[in-house]
Amino acid sequence: MTPSASRADRGGADQIPGQARKTALHAQGRHDRPAPNPYVRGLRPLSLATALAMTLALGMVFFYAPLEAEQGFLQKIFYVHVPLAIVALCGFVLGGLLAIVYLRTRDPRWDMRSYVAIHISLIFAVGTLITGSIWAKGSWGHWWVWSEPTLVSFLIIFLLYATYQPLRFAIEDPERQARYAAVFAITAGAFVPMNYVAVNLSTAYVHPRVFSSTSNLPGSMALTLLVSVVAMALLFTTLCKYELTAKHTRFQLRALRRRLLEEPA
Amino acid sequence: MSAATGHLPRVADERDDRPAGPRPPGFVATVATVLRKELLLELRTLESVPGMALFAVTVFVVFHFALNRNGVNGDEAAGILWVTLLLAALLGINRLFVADAEDGGFDGYLLAPVSRGALLFAKALALLLYLVVLELVAVPAFALLLLEPSLGPALPDLPLILLLGDVGVALVGTLVAALAVQTRARDLLGPLLALPLLVPVVIGGARASAPLLVLAHASGPQPRWPIALGLYDLLFGLIAYAVFDFLLED
């Protein structure tokens with residue numbers, strides 16, 4: 001994970017030379033102080049809201065939602081697994097939508113947002129696979145079951161999106177890198193629902209599902225699930241914002257360092 | 001081939017009294033020209049299709065030894081057939097744009113005043129033809145080497161299902177090949193991108209052809225699998241057409 005992450009950082013930084021230069025010029029005009037990072041705004045309240053929502057969701061999972069009759073305590077992982085899956089799916093589709101905006105505006109910031117959305121969704125998808133696997137081990141005795149369409153489609157989607165970063169960083173030209181990554185993000189984003197339908201078709205009528213939809217959930221469980229989904233969506237937003245802030249700060253730092261090297265001391 | 005020659009783009013039309021220079025060729029003429037060039041290139045170099053067919057036959061032999069079975073039927077037969085065809089298709093997908101990227105074909109094409117989508121269409125048609133030729137070799141070889149029931153009862157349905165799958169493979173393959181060809185690790189990225197995207201084709205194709213390959217031939221495929229394949233083809237056709245122009249800009 002570490003080497004690919006550092007490569008990702010370098011690639012991410014390389015792709016916006018124009019913005020780095022602009023920031024450097026801006027800094028010159030303001031007496032050596034860099035322009036304020038636009039992504040910092042609202043970060044603290046958002047982080048607090050996320051922490052509160054996560055605490056509330058976990059509290060409801062453990063103290064409010066009733067024990068499920070058949071699976072007992074194990075079923076509680078449902079409140080982590082399903083929100084992770086929903087948010088990761090939406091994040092992948094969001095990455096595709098942001099890529100469409102990038103191709104229309106050609107503003108590198110949209111490309112960065114698309115990249116960050118897909119990056120965080122990929123991490124959430126790993127979480128979905130791990131929690132789903134644990135749930136499957138607990139309830140069916142196997143670490144992997146092919147009869148759970150959510151899990152199977154997540155594996156396929158994870159394998160597809162795992163090639164996003166290798167594809168991206170195998171292209172050297174920054175503009176082409178952003179353009180090709182956007183084409184990938186749009187294609188894969190449209191593939192997410194399509195794949196889900198195909199896998200659902202292939203597993204239908206094989207196994208009775210535990211929860212085919214939220215419609216057969218009792219009210220308190222549905223409410224807990226809803227709060228968990230909101231908390232997970234907030235977590236996703238916060239993590240995206242943190243990554244955007246970090247990336248922007250790195251560009252600023254790079255621009256300042258470049259100026260320092262250019263000016264004779 | 002000779003029919004396509006008639007559609008070559010006309011360079012200048014003297015009776016055209018518009019002040020502009022030569023009229024740019026239309027979409028169909030461009031597709032016909034590029035397709036003709038592709039097929040001519042393949043006929044002269046024989047770079048893709050013979051390799052794909054030979055690869056498919058070799059994979060059948062490998063399956064025979066790996067499974068230690070003299071004959072297969074039903075789900076197994078459908079799975080082996082589709083996996084083999086998919087792997088052979090990946091070879092063709094990897095080679096699809098290599099000549100254009102290395103010998104300046106992209107630059108030449110971009111300089112011409114023609115639709116960029118036409119290149120996608122022509123390449124997908126060329127890949128579709130390659131896949132059909134591949135299957136004309138591979139499916140009889142499969143029947144000869146591994147398949148237990150005779151191919152006869154499956155005949156009217158199996159080619160149709162294969163063709164529906166081929167359209168999907170050709171569209172996705174062309175898109176993926178265009179994405180991967182400009183990267184450093186194109187031989188690795190092509191298959192890595194294509195395989196997950198083609199999982200629905202394998203699901204639809206294998207499930208549709210499995211009932212055709214059972215020993216006691218009872219029923220045709222459930223209608224939902226060919227329909228799913230057709231919808232996949234349609235959706236990926238639209239996606240590929242929408243995004244392809246962005247791959248050809250510089």
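1. In this predicted model, the axes of helix 3 (residues 49-67) of chain B and helix 4 (residues 74-95) of chain B come within 9 Å and cross at roughly 145°. Axes here are lines fitted to C-alpha atoms, for helices over the stretch in contact, with angles running from 0 to 180 degrees between N-to-C directions; helices are DSSP runs (H or I, at least four residues), numbered from the N terminus. The crossing of these two helices is right-handed, that is, the near helix is turned clockwise from the far one by less than a right angle.

2. Among the residues of helix 3 of chain B that meet helix 4 of chain B are Phe55(B), Val59(B) and Phe63(B), and the partners in helix 4 include Thr84(B), Ala88(B) and Leu91(B); contact requires C-beta atoms, placed from the backbone, within 7 Å. By class, this contact has 11 nonpolar, three polar and no charged residues (Ala, Val, Leu, Ile, Met, Phe, Trp, Tyr, Cys and Pro are nonpolar, Asp, Glu, Lys and Arg charged, and the others, Gly among them, polar).

3. Between the chains, the contact takes 24 residues from chain A and 25 residues from chain B. On the side of chain A, helix 8 gives the most, with 15 residues, and that side has 18 nonpolar, four polar and two charged residues.

4. Helix 5 (residues 108-140) of chain A is followed by Gly141(A), whose phi is positive, near 85°.

5. Residues are numbered from 1 along each chain as its sequence is written, and chains are lettered from A in the order in which they are written. Local features need pLDDT of at least 70 and side-chain atom pairs count only at pLDDT 80 or more, whereas totals for chains, interfaces and linings use all residues.

Key:
Two residues are in contact if their C-beta atoms, placed from the backbone, lie within 7 Å.
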